[in-house]
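Okay, everyone, thanks for coming.

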Amino acid sequence: MPHLSSETTFLKKVHQKLGAIPLTTSLLLNFLRLSSVTPSHTNKMADDPWQRAYDFAVQVARKAGAEIRKAGESEIRVMTKSSTVDLVTKTDERVEKIIIGSLKEEFGEGTHCFIGEESVAKGEPCILTDKPTWIIDPVDGTTNFVHGFPFVAVSIAFAVNKELEFGVIYSCLEDKMYKARKGKGAFCDEEQIQVSDVKDINKSIIISEHGTDRTKEKVTKIFSTMQKILCIPVHGLRGSGTAATNMCLVATGAVEAFFEIGIHCWDIAAGAVIVKEAGGILLDVDGGPFDLMSRRMVSANNDIIANRIIKEIEIFPAVRDDAPIQKK
């Protein structure tokens, strides 16, 4: 090892002063290894400022998922039909409070911004700025949650300078943790995941949702689109009832594409990172660039599948998430 003699001399002098610890070659080598590792480790952490946030997001998502399971096991059993909406609202609010409270406690009050489904519903602005921003859906799949349908997810994304840095989706009833960091791949638990390599639309499965808007015009366009895609033909159409889970299914290669109009940024922000890091693509439903705030998206394993689907989509208007709030 280079310069071993000078460092050994220094340690021997220290040993003479202490006079208690037996000085061995092994001790010298371990000390020198630690001395050389520490600076590089420090530099790595400095070059990767959001690793701590990413790791903590995984912890918080799991904590939130445990709260959802607890609510499902103890509260849904005894609820009446009239109390369904109240239960969902209380669970959403409680879980979002846990997530945002945990993040504020870890990173400090006022250091980060938050966009959360429940916060926006109460009138908070839905504006993505250059500041570090958490984009949160505490319970994605609330109808599934009420009925015990096994796809309910916690979705947490993090953006800086309007660019998504990482996404974490915890499918809490399945106990599956999906996660991805920009430029570092996508994972389900600790296994790396990748989109499918299918390029033939006839061999693909497409996933979508009919949304919550029941106006006749929109419902007609949604089902007309589904009919046209089904008759291309494709292998099948599916829907899990949660956009976050749908995007994870694209990322794992279980389906080839997911599209929807009317979703919100908190539904898809984390999934957008996961799909992209799994090798997939994101587009607007008109074939243009993906816009997180537009409330419309196609995520797919490749551009061949995406563009074939886009030809069949009947577009209808959706008010942007970042549109100015209309005063009553």
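Let's start with this: which residues does isoleucine 274 touch, not counting residues up to four places away in sequence? With contact meaning heavy atoms within 4.5 Å, the list for isoleucine 274 is Gly167, Ile169, Tyr178, Lys179, Ala180, Ala186, Ile193, Cys248 and Ala251.

Quick housekeeping. This is a predicted model, so local features need pLDDT of at least 70 and side-chain atom pairs count only at pLDDT 80 or more, while totals for chains, interfaces and linings use all residues. Residues are numbered from 1 along each chain as its sequence is written, and side-chain values use heavy atoms, with hydrogens and water left out.

Back to Ile274. Together with Ile135 and Leu164, Ile274 has the most contacts inside the largest nonpolar core, which has 39 residues. By nonpolar core I mean a set of buried Ala, Val, Leu, Ile, Met, Phe, Trp, Tyr and Cys residues joined through side-chain atoms within 4.5 Å; buried is under 20% relative accessible area, exposed over 50%, partly exposed in between, with a 1.4 Å probe and protein chains only. Nine residues of this core, the largest share, come from α9. Helices (H or I, at least four residues) and strands (E, at least two) are DSSP runs, numbered from the N terminus. There's also a second, separate core of 31 residues, and that one includes Ala64, Leu103, Val154 and Met177.

Now the rings. Rings of Phe, Tyr and Trp (its six-membered ring) pair if their centres lie within 6.5 Å; planes under 30 degrees apart are stacked, over 60 edge-to-face, and the rest tilted. That rule gives eight aromatic pairs. Take tryptophan 134 and phenylalanine 166: their centres are 5.7 Å apart and the planes sit at 65°, so we call it edge-to-face. Tryptophan 134 is in strand β2 (residues 133–140) and phenylalanine 166 in strand β4 (residues 163–171), so this pair ties together parts 32 residues apart in sequence. Tryptophan 134 is buried, at 0% relative accessible area, and phenylalanine 166 is buried at 0% too. Ring pairs also link these two into a cluster with Trp50, Tyr54, Phe56, Phe107 and Phe158.

Last stop, serine 208, over in strand β8 (residues 205–208). Is serine 208 buried or exposed? Buried, with a relative accessible area of 7%. Its side chain reaches the backbone oxygen of phenylalanine 259 at 2.7 Å, and the residues that serine 208 touches include Met226, Arg238 and Glu260.

Note on methods:
A polar contact is a pair of N or O atoms within 3.5 Å; within protein, one must be able to donate a hydrogen and the other to accept it, and residues adjacent in sequence count only if both atoms are side-chain atoms.
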